[in-house]
Amino acid sequence: MQCLSASWSLTGSFYVFSCPEELFFTEEKELSSKNRRFSSTMLPTTSPQNGSLSARDAARHTAGAKRYKYLRRLLHFKAMDFEFAVWQMLYLFTSPQRVYRNFHYRKQTKDQWARDDPAFLVLLSIWLCVSTVGFGLVLDMGFVETLKLLLWVVFIDCIGVGLLISTLMWFITNKYLLKPPSKDYDVEWGYAFDVHLNAFYPLLVILHFLQLFFINHIVVINSDWFLGYFVGNSLWLTAISYYLYITFLGYNALPQLQNTVVLLYPFALLVLLYILSLSLGWNFTKGLCWFYKYRVQ
C-alpha cells in the first residue's frame, strides 16, 4: 500500500498497477531477455566466455571428429565443391589473400580454420599425377619407371614431405609465435596442412608443368650455357617465392599469432642462393631430372 500511495501522489490518479521499483526491474529483465535472444542469433564465437562446450559439442569439435568427417567426404564426390576448389587454385596465383579471407569465414560459420571439404586435395592429386606422367614422357621413361616415379612423388614428395613440413610449422607457430593471451587458441594441425597445400600448388604448376616445356629445349640441352640455367633457376626462384609468400599469408591471417614476418626472412637466403647459382653455373632443373632418373632405377 505504501507503494500505491506513492504512485497516487505522483500521478494524481488511481490507475497505477504496480510499484515503480517492480516496474523498473521487470523492464530490465525483459530487456536482458531480449539481448540474450539477440546474442543467440549472432555467429558462433571461438569459445564461450563463461563456461565450456557441452559434451556433444565438444565431441563434435575434437580433432578426431573433424578428421573423420574430412576423410568420410573423400568417398562422396557429389558432396565436394570442385567449382570452389578451382576458384581457390586460380586465386592462389593472382590474389592468395582472397583465399585466406574464405578461411576467416569458415572459422566464423563452422568454428574451424582447416578445410572440411577435400575437393582441393583431390584436384591437387590429379594435377600431381598428370604432371608426373608428363615428366616421365619428357625424360623418356618407360611405363614401369613412370609408375615408380608417380608413387615416389605422391607418397614421398607430396604426402610425406607435406606431413613433415606441416608438423614442423604447427610446432613452431604454437611454440614461438602465439600471443600470450591466446594460449588456449592454438594453431590447428589441419590448418597447417592446408597452408602447405595452398603453397605447394603454385610450386607444383611451375616446376612440374610449365617447366616441362623448357626442359628438353633450353634448360637441360643448354645446361652449360647461361641461358639454360638462367631459365631453369628463375623458375625455381619463382616457385619457391610463391611457396614462402603463401605460407606467410596463411599464418599471418591467424589473429592469435604474432611476429609472423619472420616467415619472410628465408627470402633473403633464397635470393642469395639464386645469385650464387647463376655465378657458379648451377642448374637446379638438371639436378632434379638426374634425381628423378636415379630414383626409378
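Helices and strands are DSSP runs, numbered from the N terminus. On that basis, the sequence reads as α-α-α-α-α-α-α-α-α-α-α-α-α. The protein has 13 helices and zero strands. The model is a predicted one. Its chain holds 297 residues, and 38% of them count as buried.

The nonpolar interior was examined next. In soluble globular proteins, nonpolar side chains tend to be buried together. Here the largest nonpolar core has 59 residues. Tyr100, Phe135, Tyr191, Phe200, Tyr251 and Tyr292 have the most contacts inside this core. Eight elements are named as giving two or more residues to the core: α5 (82-94), α6, α7, α8, α9, α10 (212-219), α11 and α13. Of these, α9 gives the most, with 13 residues.

Empty space was then located. Rolling a probe the size of a water molecule over the atoms shows where such space is left. The structure holds one cavity of 30 Å³ or more. The space in the largest cavity comes to about 40 Å³. Two or more lining residues come from each of α8 (143-177), α9 (189-210) and α11 (226-252). The lining consists of Ile165, Ser166, Met169, Ala192, Val195, His196, Tyr243, Thr247 and Tyr251. Six of the lining residues are nonpolar and three are polar, while no charged residue takes part.

The largest share comes from α9, which gives six residues. In total, 20 residues line the second largest pocket. Asp157, Phe200, Leu203, Leu207 and Trp236 lie nearest the pocket centre. By class, the lining of this pocket has 16 nonpolar, two polar and two charged residues.

Cysteine pairing was checked across the whole structure. A disulfide is a covalent bond between the sulfur atoms of two cysteines. The search finds zero disulfides. For Cys129, the nearest cysteine sulfur is that of Cys158, 9.2 Å away. For Cys158, the nearest is in turn that of Cys129, at 9.2 Å. Cys129 is partly exposed, because its relative accessibility is 29%. Cys158 is buried, because its relative accessibility is 10%.

Backbone geometry was inspected in the loops. Most residues other than glycine have a negative phi. Asp111, although not a glycine, has a positive phi of about 60°. Asp111 sits in the loop between α6 (96-110) and α7 (119-138). With a relative accessibility of 12%, Asp111 counts as buried. Asp140 likewise has a positive phi, near 60°, and is a residue other than glycine. Its place is in the loop between α7 and α8. Asp140 is exposed, with a relative accessible area of 68%.

The loop between α6 and α7 also holds Gln112. Gln112 counts as buried, because its relative accessibility is 11%. A polar atom of the Gln112 side chain lies 2.9 Å from the backbone oxygen of Ala114.

One further residue was placed on helix α8, namely Lys175. At 51% relative accessibility, Lys175 counts as exposed. The cut-off for this class is over 50%, so Lys175 falls within it. Lys175 and Asp186 are 11 residues apart in sequence. In space, their C-alpha atoms are 9.3 Å apart.

How values were computed
Residues are numbered from 1 along each chain as its sequence is written. This is a predicted model: local features need pLDDT of at least 70, side-chain atom pairs count only at pLDDT 80 or more; totals for chains, interfaces and linings use all residues. Side-chain values use heavy atoms; hydrogens and water are left out. On a 1 Å grid over the protein atoms alone, a cavity is a set of points where a 1.4 Å probe fits but cannot get out, and a pocket is an open set with protein on both sides within 12 Å along at least five of seven lines; lining residues have an atom within 4 Å of a point. Grid points are joined across faces, edges and corners, and a volume is the space filled by probe spheres set on the points. Helices (H or I, at least four residues) and strands (E, at least two) are DSSP runs, numbered from the N terminus. Ala, Val, Leu, Ile, Met, Phe, Trp, Tyr, Cys and Pro count as nonpolar, Asp, Glu, Lys and Arg as charged, and the others, Gly among them, as polar. A disulfide is a pair of cysteine sulfur atoms within 2.5 Å. Buried means under 20% relative accessible area, exposed over 50%, partly exposed in between (1.4 Å probe, protein chains only). A polar contact is a pair of N or O atoms within 3.5 Å; within protein, one must be able to donate a hydrogen and the other to accept it, and residues adjacent in sequence count only if both atoms are side-chain atoms. A nonpolar core is a set of buried Ala, Val, Leu, Ile, Met, Phe, Trp, Tyr and Cys residues joined through side-chain atoms within 4.5 Å.
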